[in-house]
Amino acid sequence: MATLRTLPSVHQLLEQSEARALLATHGRPLVRYAVQQILEEERGRGVVAEPGARWSAIEHVIQELRRPRLRPVVNATGVILHTNLGRAPVAAAAAQAAAAIASRYSTLEFDPRTGRRGRRHDLVSDLLRHLTGAEASAVVNNCAAAVLLMLTALAKGKEVIVARGELVEIGGGFRMPDVMRLSGARMVEVGTTNRTRAEDYAAAITPRTAAIMKVHASNFQVIGFTEGVELKALAEIARQHKVLLLHDLGSGSLLETAPYGLAEEPRIQDSIRSGADLVACSGDKLLGGPQAGLLLGRAALVDRAMKHPLARAVRVDKLTLAALIATLDLYLTQSLVGLPVWDMLGASAESIAARARAWHSRLTERGAVVEVVASESTVGGGSLPGERLATTALAIAPVRGGAADLLRRLREHEPPVIGRIVEERVLLDPRTVLPDEDDVVVDAVLAALA
């Protein structure tokens, strides 16, 4: 066995022929780092590796460092707005708009008509005003930021009244009481978990009250013996007592959901018309755009929020604005075919079943044992909780190991295919698989079953 005295130096390894191709592809600093790491491991183990094994280990270190962490996956879970998978896939027009702006200078904060500095949120304000009826609008980096900004700018040091049943927790453990505390506002809870009445709000208003806040239950349901107060009634109470009405709308739809066979989800324009002074919602949920937080409502309040120092910390970037503008343009022209979220929500039962049967046919021709089954899709992403859409899925029973092992092998495909487990079978739902991903699904299943 070779001793550590025979261990080559970093310089010696970098001069070897095996290093030349790596240096040409990955650059000297990265290759040198990988060589140093592997030599240090050999010293730590007290074992000198064979040259071939050593170079394989060096290349593995390099590949692991260069492996893209953020990469495309195939969402076959049936969850349309899958938060862990990036929520809404944007329309092709939005992706192209972001790409066009990414590699060039732009009018982000420059008005070519006057030659003076502009405001980035003005780029999208006309579109949002037209589509929602709001006096003014602004865009920040997500809905939580929009809520934090409006509370900080409008209610710091004052009281904000919230129904006890609306003290939500969103993904990642962020809770409304925590956001309220961070903003500097004092939260006043009214009502009970399941029942809150108009008089509860009115009785809680004091000279220190800045606002009533309505939080849409976008990621949970309270059913049974319940009572709540509609936004219009809250607007009347707010006007009578000269306090603000703020609405954390969450999912932020511009379209009615009932025609898609779903429960009614309040639209942005409905909140504005009902009398909310300021509305906060997401851009990457039912709107189908990039991650963004929309702030809409009375012009004086939007302006006050955007002049607060916090607005600088949560401002949105040029790529998001480009994608958002392109997305809103689709609504403006009613060119919604090709907006993936609504394509998925509106996909017919026949078209989904046809895709599942096509996958089944191609796979069984290659000897795979799969089945077509009835199943359910969900909206996900903090939108329309409890709602289900009938779907047809491909069911795969593992031929070795368990369903979890089969699911892992599908994830190891490139690109990864993400499904779900139901009754010890892996289900792949065509509803959330993009039109050009059918071949990937078939190849991944065959590889996972091999």
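Visitor: Which word applies to Arg54, buried or exposed?
Guide: The model is predicted: local features need pLDDT of at least 70 and side-chain atom pairs count only at pLDDT 80 or more, whereas totals for chains, interfaces and linings use all residues. Residues are numbered from 1 along each chain as its sequence is written, and side-chain values use heavy atoms, with hydrogens and water left out. Buried denotes under 20% relative accessible area, exposed over 50%, and partly exposed the range in between (1.4 Å probe, protein chains only). Because its relative accessibility is 6%, Arg54 counts as buried.

Visitor: In which helix is the place of Arg54?
Guide: Helices (H or I, at least four residues) and strands (E, at least two) are DSSP runs numbered from the N terminus. Arg54 falls within residues 51–66, the run that forms helix H4.

Visitor: Which backbone nitrogen does the side chain of Glu42 reach?
Guide: Glu42 is buried, since its relative accessibility is 1%. Leaving aside neighbours within four places in sequence, its contacts include Leu4, Val47, Ala49 and Arg54. A polar contact is a pair of N or O atoms within 3.5 Å; within protein, one must be able to donate a hydrogen and the other to accept it, and residues adjacent in sequence count only if both atoms are side-chain atoms. At 3.1 Å, the Glu42 side chain reaches the backbone nitrogen of Ala49.

Visitor: How many salt bridges does a search of the whole structure find?
Guide: Side chains of opposite charge can pair when their charged atoms come close. The criterion is a side-chain nitrogen of Lys or Arg within 4 Å of a carboxyl oxygen of Asp or Glu. One network links Glu109, Arg117, Arg120 and Arg315. The number of salt bridges found in the whole structure is 31.

Visitor: What is the N to O distance in the salt bridge between Glu159 and Arg186?
Guide: Glu159 is buried, because its relative accessible area is 5%. The side chains of Glu159 and Arg186 meet in a salt bridge with an N to O distance of 3.0 Å.

Visitor: How many residues apart are Glu159 and Arg208?
Guide: Their side chains also meet in a salt bridge, at 3.1 Å from N to O. Glu159 belongs to strand E5, whereas Arg208 lies in the loop between helix H9 (198–204) and strand E9 (209–215), and their separation in residues is 49.

Visitor: Which residues touch the most other members of the largest nonpolar core?
Guide: A nonpolar core is a set of buried Ala, Val, Leu, Ile, Met, Phe, Trp, Tyr and Cys residues joined through side-chain atoms within 4.5 Å. The largest one has 56 residues, and those touching the most other members are Val139, Tyr201, Ile212, Leu294, Leu328, Tyr331 and Leu345.

Visitor: Which residues are the closest to the centre of the largest pocket?
Guide: On a 1 Å grid over the protein atoms alone, a pocket is an open set of points with protein on both sides within 12 Å along at least five of seven lines, where a 1.4 Å probe fits, and lining residues have an atom within 4 Å of a point. The volume, being the space filled by probe spheres set on points joined across faces, edges and corners, is about 990 Å³. Of 34 lining residues, the closest to the centre are Glu166, Lys214, His216, Ala217 and Glu230.

Definitions and conventions: Contact means heavy atoms within 4.5 Å.
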